[in-house]
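The report below treats an annotated site first, then a helix and its surroundings, and finally a sheet.

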Amino acid sequence: MRYRTRVTAPAALLGTVAALSVASPAHADPETGTPGPETLGDPVFPSLGNDGYRVGAYHLDLAYDATTRLVEATATLTLTTTQELSRLSLDALGLDVHEVLLDGVPAAREQAGEKLRITPAVSLAAQTTATVTVTYTADPRAALAHTAWVPTPDGFAVCPQPNTAHTVFPCNDHPSDKADFTFRITVPAGLRGVASGHLVSTEELGDGRTAYCYRSREPIATEIVQITVGDYVIKDRQGPHGLPLRDVVPTARAAALEPALALTPNLVSWIEQRLGAFPFETYGLLPCNNDASDAFDFTGLETQTLTLYKPNFLLQAEKSIGSHMMHELVHSYFGNSVSPATWSDLWLNEGHADFYGLLYRYERGWADSLGLTTMEARMKDTYARGDQWRKSSGPVAAPNEANLFDSQRYLGGVLVLYALRQQVGESVFSAIESTFLERFRNASASTGDYIAVASEVSGADQSGFLRDWLYGTKTPRMPGHPDWTVTPVSSALRQPQNRTDGHWHDNSATL
């Protein structure tokens with residue numbers, strides 16, 4: 001779950017933008033060669049991502065200095081070209097780049113807007129594997145138009161969704177280009193470095209510093225990478241079927257947070273009964289050491305294998321947090337294991353997370369924020385709001401940047417899934433879910449992919465039905481509920497939360 005708008009950074013915030021060439025043989029001329037496109041054409045973030053190559057792996061080597069609070073870093077990308085490239089680009093913002101190497105050879109570079117342009121000495125042929133190494137300094141406290149850094153008194157965490165991973169490391173910042181990740185995080189005495197994936201080594205460097213190395217078993221989309229440094233203790237426990245669970249907890253608050261952390265094994269058991277075996281090597285929570293209201297503008301963020309929270313949220317009673325903890329856990333399946341092909345497919349993430357989060361809530365008899373205690377009652381209420389939301393926020397699967405994370409993607413997405421379950425029956429719906437997750441595991445999938453799976457598994461063409469629900473400007477009739485009515489747009493209804501001038505806040509119905 002994420003609630004942040006994005007504003008394109010003005011040039012004044014980007015520092016000096018200039019071409020920085022290095023002494024080398026004559027470089028390929030992007031004017032006469034074939035420079036890679038500096039976009040993947042995302043319908044919500046059209047400038048995000050880069051084409052002409054795909055990244056196979058990232059190795060991020062970050063060293064945190066507790067005195068300067070700066071991060072000295074090297075990002076090494078292994079990529080394969082999909083076309084001849086006289087120039088390629090990475091997404092990068094707010095990074096002080098010192099050097100770029102292409103296959104170990106210095107390459108000309110230029111930082112322009114949110115792109116780092118790299119010109120090799122000789123054009124790269126199509127289907128060539130190359131290594132790009134970028135050495136840079138990052139300031140987690142830098143004032144940028146948008147940033148993934150979450151500074152804490154003892155270090156930092158990161159919240160890259162949807163479009164800010166490139167303020168932490170240069171990358172192809174789009175969920176359609178997932179890659180393997182390894183991390184090396186060097187920290188001074190008294191601090192711990194943790195990242196997505198599992199710990200593979202710990203190295204004492206002899207100068208009071210320690211290097212922690214992590215590796216992901218499955219590929220990760222850049223928007224759900226987690227890297228954190230702080231005064232943390234690692235709390236290990238066992239989940240169902242021997243699944244290792246690890247929580248990364250502020251040392252001073254470990255005891256107070258234990259009741260919330262202890263809920264995870266049962267949460268995993270519940271969702272595995274519905275969506276299958278947990279898709280990653282580990283899971284846990286990161287209540288990062290910052291409860292400030294402006295630390296980040298969301299309740300939880302599903303970074304892969306480690307969900308980010310503010311500690312104070314987790315100090316509440318189970319009935320106040322359990323449904324939302326389920327929401328974030330479901331993202332391990334929808335959003336992380338299967339990532340959105342474009343940001344217009346966000347409803348697949350958030351609709352599913354709220355759908356199962358609400359089912360979990362109502363099974364336990366916990367009333368929701370409207371005082372309702374069944375999925376049917378909540379969907380009837382949401383159904384009545386359908387036309388108003390479609391007018392003010394657009395169809396469920398057609399967001400724009402301003403309304404990407406509002407309620408239409410969350411509860412509106414739940415309503416679509418509820419309608420499909422009503423249409424095909426519960427057993428067929430469950431088969432659709434499991435087939436979709438299996439087919440697109442460790443990949444990205446679109447709304448069209450989900451519609452195709454629904455049609456295949458149900459044995460009937462669901463494209464017209466689902467497209468009306470996902471893209472129509474009017475709310476279709478609800479199968480099985482001919483008595484349900486939509487309130488006319490002119491009537492006063494609670495609007496989906498969306499703002500174009502600030503930050504997003506909690507739109508999940510699981511809160």
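The UniProt record, an unreviewed entry, places the feature "binding site" at His 327, His 331 and Glu 350; UniProt positions are given in the numbering used here, feature names are shortened, and annotations may be inferred rather than shown by experiment. Although these positions are spread over 24 residues of sequence, they cluster in space, with a largest C-alpha distance of 8.3 Å.

This is a predicted model, in which local features need pLDDT of at least 70 and side-chain atom pairs count only at pLDDT 80 or more, whereas totals for chains, interfaces and linings use all residues. Residues are numbered from 1 along each chain as its sequence is written, and side-chain values use heavy atoms, with hydrogens and water left out.

Two of the annotated residues are set out in the table, where helices (H or I, at least four residues) and, later, strands (E, at least two) are DSSP runs numbered from the N terminus, and where buried means under 20% relative accessible area, exposed over 50% and partly exposed in between, with a 1.4 Å probe and protein chains only.

In H8, the buried residues are Phe 429, Ile 432, Glu 433, Phe 436 and Leu 437. Seen down the axis of H8, these buried residues fall within an arc of 120 degrees, so they line one face of the helix; the arc is that of the directions from the helix axis to the C-beta atoms. On the other side of H8, Ser 427 and Glu 438 are exposed.

Elsewhere, 8 strands form an open sheet of mixed pairing in the order S6-S5-S9-S3-S2-S12-S15-S14, two strands being paired if DSSP finds at least two bridges between them. Strand S6 (105-106) and strand S14 (198-204) stand at the edges, each with a single partner strand, so one side of each is left without a neighbour in the sheet. Strand S5 (residues 96-102) runs antiparallel to S6 and is joined to S6 by 2 bridges, with Leu 101 standing opposite Pro 106 in S6.
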